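The report that follows walks a new reader through selected features of the structure shown here. Please keep the sequence and the model in view while reading.

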Amino acid sequence: MEQTESKELMGFEAHRNELHGVSKWIYEIIAVFFVGFYIYSAGFGSASEQYHLGFYLLLTFSLIGILYKFSSKSPSLRPSIFDIILILLSICSIGYWIVDYTNIAYRAGEYTSLDIVMGAIGLIISIEVSRRTVGWGLPIIAAFGILYALFGRYMPEVISHQGFTPRRIIEHCFYGQDGIFGIMAKVMATYVVLFIFFGAFLEKSGVGQFFIDLPMSLTGRSIGGAAKVSVVTSGFFGSVAGSAIANTVTTGAFTIPLMKRTGFRPHIAGAVEASASVGGQFLPPVMGAGAFLIAERTGLPYSKIALISIVPAVLYFLSVWVMVHFEAKKQGLQPIPDNEIPKFSTLLRTGWFYLLPLITLIFSLMQGYSAYKSAFFSILVTIIVSYFRTDTRLTPKRIWEAMVTGAKNSLAIGGAVGTIGIIVAVIDLTGLGGMFPELILSVAGDNRAIAILLLGAASLVLGMGIPVTAAYLITSQLAVPILTEIGISVIVAHLIIFWLSQDSNITPPVALGAYAGAAIARADPWKTGWACFKFAKMLYIMPLLFAYTHILLEGTLLQNTLSVSTALVGTIIFSILTMGYYIRKTHWYETILLAISAFLTFTNVIWMFILGLGILGTVSYVQKKSANIS
């Protein structure tokens, strides 16, 4: 029942076929070939671009055509005629690009009528598969983008352009560098799918349960222990899962009922899990698809992006941890009963080897291996580790199941790839990427805070109903030039947008992660969304710290140490402020004092930091005194 409800609330899970018989076997054979091809490529060398990218889109679109219904009224046990048409059109269009790849490259700019027809079909099927997997958000944005490209001369002067013919739009969106086969497809095919497959193998091997039991043994006995288990578990699993929603559903199936059982209100339990799961997108070694996109777009090694992301990620989890601690104190909740908590020493003695896949991944990255090669090694180690216990062995049957699961898990974001490419290509073709910065800068001037505030609002609007990776890519295409114009470095600008783009997971009215948590908790989605917004507020503070401090370790040793230290204290104070509870419930004047204290400690100036600590000490004294009197 819980699983069904969560599917109804998550657009990318809706309207899946329940395949049987021949359809099921065809789907699984294609899925296993898909996974096997990219695992083999990661280990023994990628195929040429035409097969590397072409197979990714062709197989992804075909699997979506089989698994996802055309509409809710379509048959559930087999693909409908519309599904078959989608698959055939995918084979025609993408297959044409693969087979005629060399000739198409030679006649760039002088495409034939057949090229244009195949390109038009490619655009249509890209929009359709994204509609099926992630809902109407991306297709609507893409449709407006195409209309904007067609009728640009009729737009308001500030965003007008000459307008382009349908032929030119098709050429740029299908055959261009930024289109369907552009950066999003390259990053997905080269990096992200390998880590999605890795997550599926971890789940089948029993490592996932170890990632739940270990945090429980460490935190279960403390105040609000169940919620703290959720925070740590989501950090462990999210660091390799690559998807906040998948993290919420996977770990939340255990942690949300546990929180409810120990006294947390249902909407709070769902919100804690969803906000903690978002943190997995920031925590190395995987960090979701966005980190690979940042590496691709900045030209920096992925290892550097992962390294500078550690401190902000830890502070985000610290913030959620502190909030759930004071939420539990405010509600007078008890720890998890001792008889439900596994012993830490026993866990390590009997399951230490479950850490080897994660250690392999981290060690491989540190040794300079590419991300996809590291994922390949980690998958191999996962298979080996599974044989350490008879009940977790990845037998051929379970490996087959893991490969089918991995392919299925990749379709949610994979279905959006083509449409994202269309949107990015339209931004490039029309010059909107140059006009948008001028618009924002005319309002913000050189003020970083105002610029980030405006970009946060833009990111929220653009991100409604679409995957966070899509929101990041679209927003960064427009926003990074703005931030670099006002003196922020390129890598910092990308990380600011990367953090802001996560808000569609936790901020109403469209909060897919929060709604997934609400479904499992059987709670009001709206209340869960706003509670999630409260627990995840560091999402909006951290970009300001990126812009004004050296928390990304880009300064001297002294500057970096000061920035991290002040941010650590500021995060704790800010979390207390957010919950409205310290030693007891805070009065209005104490709330004001805590807000000033948090601001001063965040400012990265020693005398202001000391003053902030003094104000915190004053509030502590007042609360302790009143608590003793009462």
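## Conventions and confidence

Helices (H or I, at least four residues) and strands (E, at least two) are DSSP runs, numbered from the N terminus. Residues are numbered from 1 along each chain as its sequence is written, and side-chain values use heavy atoms, with hydrogens and water left out. This is a predicted model, in which local features need pLDDT of at least 70 and side-chain atom pairs count only at pLDDT 80 or more, while totals for chains, interfaces and linings use all residues.

The predictor's confidence in each residue, pLDDT, runs from 0 to 100. Its average over the protein chain is 86, and 94% of the residues score at least 70. Over residues 1–14, however, pLDDT stays under 50, and for this stretch the model has 28 contacts (heavy atoms within 4.5 Å) beyond four places in sequence.

## A loop residue and a helix residue

Alanine 523 belongs to the loop between helix H25 (512–521) and helix H26 (525–535). With 15% relative accessibility, alanine 523 counts as buried, a term that means under 20% relative accessible area, with exposed meaning over 50% and partly exposed in between (1.4 Å probe, protein chains only). Once its neighbours within four places in sequence are left aside, alanine 523 is in contact with Pro266, His267, Ala518 and Thr528. Serine 303, by contrast, is 220 residues apart from alanine 523 in sequence and 40 Å apart in space, C-alpha to C-alpha.

Leucine 495 is part of helix H24 (residues 490–500) and is buried, its relative accessible area being 1%. Not counting residues up to four places away in sequence, leucine 495 touches Ile294, Ile308, Ser309, Phe546 and Leu552. Between the C-alpha atoms of leucine 495 and tyrosine 472, which are 23 residues apart along the chain, the separation is 9.6 Å.

## Aromatic pairs

Rings of Phe, Tyr and Trp (its six-membered ring) pair if their centres lie within 6.5 Å; planes under 30 degrees apart count as stacked, over 60 as edge-to-face and the rest as tilted. By this rule the count comes to 38 aromatic pairs. In one of them, tryptophan 97 and tyrosine 101, the ring centres are 5.0 Å apart and the planes stand at 75°, so this pair is edge-to-face. Tryptophan 97 is buried at a relative accessible area of 6%, whereas tyrosine 101, at 23% relative accessibility, counts as partly exposed.

Phenylalanine 353 and phenylalanine 388 also form an edge-to-face pair, with 5.1 Å from centre to centre and 65° between the planes. Because phenylalanine 353 lies in the loop between helix H16 (344–351) and helix H17 (356–366), and phenylalanine 388 in the loop between helix H18 (371–386) and helix H19 (396–414), the pair ties together parts that are 35 residues apart in sequence. Phenylalanine 353 is buried, with a relative accessible area of 7%, and phenylalanine 388 counts as partly exposed at 43% relative accessibility. Elsewhere, Phe33, Phe34, Phe37, Tyr38, Tyr51, Phe55, Tyr56 and Phe197 form one aromatic cluster.

## Charges over rings

A charge sits over a ring if NZ of Lys or CZ of Arg is within 6 Å of the ring centre and within 35 degrees of the ring normal. Arginine 131, placed in helix H6 (residues 113–134), lies over the face of phenylalanine 70 at 5.4 Å from the ring centre. A polar atom of the arginine 131 side chain is also 2.7 Å from the backbone oxygen of phenylalanine 70. Arginine 131 counts as buried at 18% relative accessibility, and its contacts, not counting residues up to four places away in sequence, are Phe70, Trp136 and Pro139.

## A polar contact and the cysteines

Threonine 190, in helix H9 (residues 183–205), is buried with a relative accessible area of 16%. A polar contact of 3.0 Å joins its side chain to that of histidine 52; the term covers a pair of N or O atoms within 3.5 Å, where within protein one must be able to donate a hydrogen and the other to accept it, and residues adjacent in sequence count only if both atoms are side-chain atoms. Leaving aside neighbours within four places in sequence, threonine 190 is in contact with His52 and Tyr372.

The structure holds zero disulfides (pairs of cysteine sulfur atoms within 2.5 Å). Cysteine 92 counts as partly exposed at 38% relative accessibility, while cysteine 532 is buried, with a relative accessible area of 0%.
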